[in-house]
Amino acid sequence: LELITEIDPNIPSELFGDETRINQILINLLTNAVKYTEKGCVTMSITCEEKDLENNSVLILFEVRDTGIGIKESDMTKLFESFERLDLEKNRNIEGTGLGMSISQKLLELMDSRLLVSSAYGEGSTFSFRLRQKIENPTPLGDYSADDAGKYTQESERYRESFHAENAHILVVDDTELNLLVITNLLKTTGIKIDTALSGREGIELANKIRYDMIHMDQRMPQMNGTETMKIIRETKDVLNNTTPCDMSDCRRYKRSQRKIYKGRV
């Protein structure tokens, strides 16, 4: 697939808002577009729709367009329901919980916006939202390039782990390999020993052999979900993990306090 970016050079170079959540929403939309697009392109465009100089603010339009399979009109009302997967017959091989759209919509509501969608079944979809942001630096962003983004990333504060736990041993169960890779890489600098499983059955086999300090369990998995898996682990004869803490949450609450200035990148 070709990934196309269309960034309005008139966007102010520094805005005040929740960079983390805006990125989370865009990544959700882009990931979804890639999943449901077999050929063609995915386009992300960000446009400065309106500048309010009196209130020192700007209205930004974010759009993610794809040339994928599109959405049936009958499925539109289900789009933002938690755990809802659309057109299961056509999308049976696509991984994921279907939570991305629901989470994105809730985050946008907390930022006084909402997610809009237009789609032609078999031709593609467009997801969009508008955010009004305070202007910190009115200088236009200018021509956006990957070099600019790389330069900003190098200047940004790097993530640093806040603890080390070399003696800790945890189990992570998730049917998506990418999720296992992400959590393993995020925690590797903490020294925690991590075992991973791609299904409830694999998780049970490991839990029957090893005593863990914590189990991170994906709730929505095929054949056996997280609740069913943990029930079996708790009731196993040898009860190695009958009291092991289990984290089975699939989303995190939006915090209004998580706000920062994001400079010259999207």
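Student: How does the pLDDT stand over residues 250-266, and how many contacts beyond four places in sequence does the model have there?

Tutor: The pLDDT, which is the predictor's confidence in each residue on a scale from 0 to 100, stays under 50 over residues 250-266. For this stretch the model has 56 contacts beyond four places in sequence, where contact means heavy atoms within 4.5 Å. This is a predicted model, in which local features need pLDDT of at least 70 and side-chain atom pairs count only at pLDDT 80 or more, while totals for chains, interfaces and linings use all residues. Residues are numbered from 1 along each chain as its sequence is written, and side-chain values use heavy atoms, with hydrogens and water left out.

Student: What is the average pLDDT of the chain, and which strand has the lowest mean?

Tutor: The average over the chain is 81, and 78% of the residues score at least 70. Among the elements of the chain, the lowest mean, 42, belongs to strand β11 (residues 260-263), and the highest, 96, to β4. Residues 82-97 have pLDDT below 50, with 39 contacts in the model beyond near neighbours in sequence.

Student: How many helices and strands make up the secondary structure of the chain?

Tutor: The chain has six helices and eleven strands. Both are DSSP runs numbered from the N terminus: helices are H or I over at least four residues, and strands are E over at least two.

Student: Why is the aromatic pair called stacked?

Tutor: Rings of Phe, Tyr and Trp (its six-membered ring) pair if their centres lie within 6.5 Å; planes under 30 degrees apart count as stacked, over 60 as edge-to-face, and the rest as tilted. The structure holds one such pair. The ring centres of Phe62 and Phe129 are 4.6 Å apart and their planes meet at 10 degrees, so the pair is stacked. Phe62 belongs to strand β4 (residues 57-66) and Phe129 to strand β6 (residues 124-140), so the pair ties together parts that are 67 residues apart in sequence.

Student: Why does Ile60 count as buried?

Tutor: Buried means under 20% relative accessible area, exposed over 50%, and partly exposed in between (1.4 Å probe, protein chains only). Ile60 has 1% relative accessibility and therefore counts as buried. Ile60 is placed in strand β4, and its C-alpha lies 4.8 Å from that of Cys48, twelve residues away in sequence. Phe62 and Phe129 are likewise buried.

Student: Which residues touch the most other members of the largest nonpolar core?

Tutor: A nonpolar core is a set of buried Ala, Val, Leu, Ile, Met, Phe, Trp, Tyr and Cys residues joined through side-chain atoms within 4.5 Å. Of the 29 residues in the largest one, Leu29, Ile60, Phe62 and Phe129 touch the most other members. At least two residues of this core come from each of α1 (19-35), β3 (41-52), β4, α2 (100-110) and β6, and α1 gives the largest share, six residues. A second, separate core has twelve residues, among them Leu171, Val173, Ala207 and Met221.

Student: How do you know that the buried residues of α6 line one face of the helix?

Tutor: In helix α6 (residues 226-235), Gly226, Thr229, Met230 and Ile233 are buried. Viewed down the axis of α6, these residues fall within an arc of 95 degrees, so they line one face of the helix; the arc is that of the directions from the helix axis to the C-beta atoms. On the other side of α6, Lys231 and Glu235 are exposed. The buried residues of α6 are covered by elements including α5 (200-207), β9 (214-217) and β10 (246-247).

Student: What makes Gln223 count as exposed?

Tutor: Its relative accessibility of 84% is over the cut-off, so Gln223 counts as exposed. Gln223 lies in the loop between β9 and α6, and its phi is near 70 degrees, a positive value in a residue other than glycine.

Student: Is Asn56 buried, exposed or partly exposed?

Tutor: With a relative accessible area of 34%, Asn56 is partly exposed. Asn56 sits in the loop between β3 and β4 and has a positive phi of about 55 degrees although it is not a glycine.
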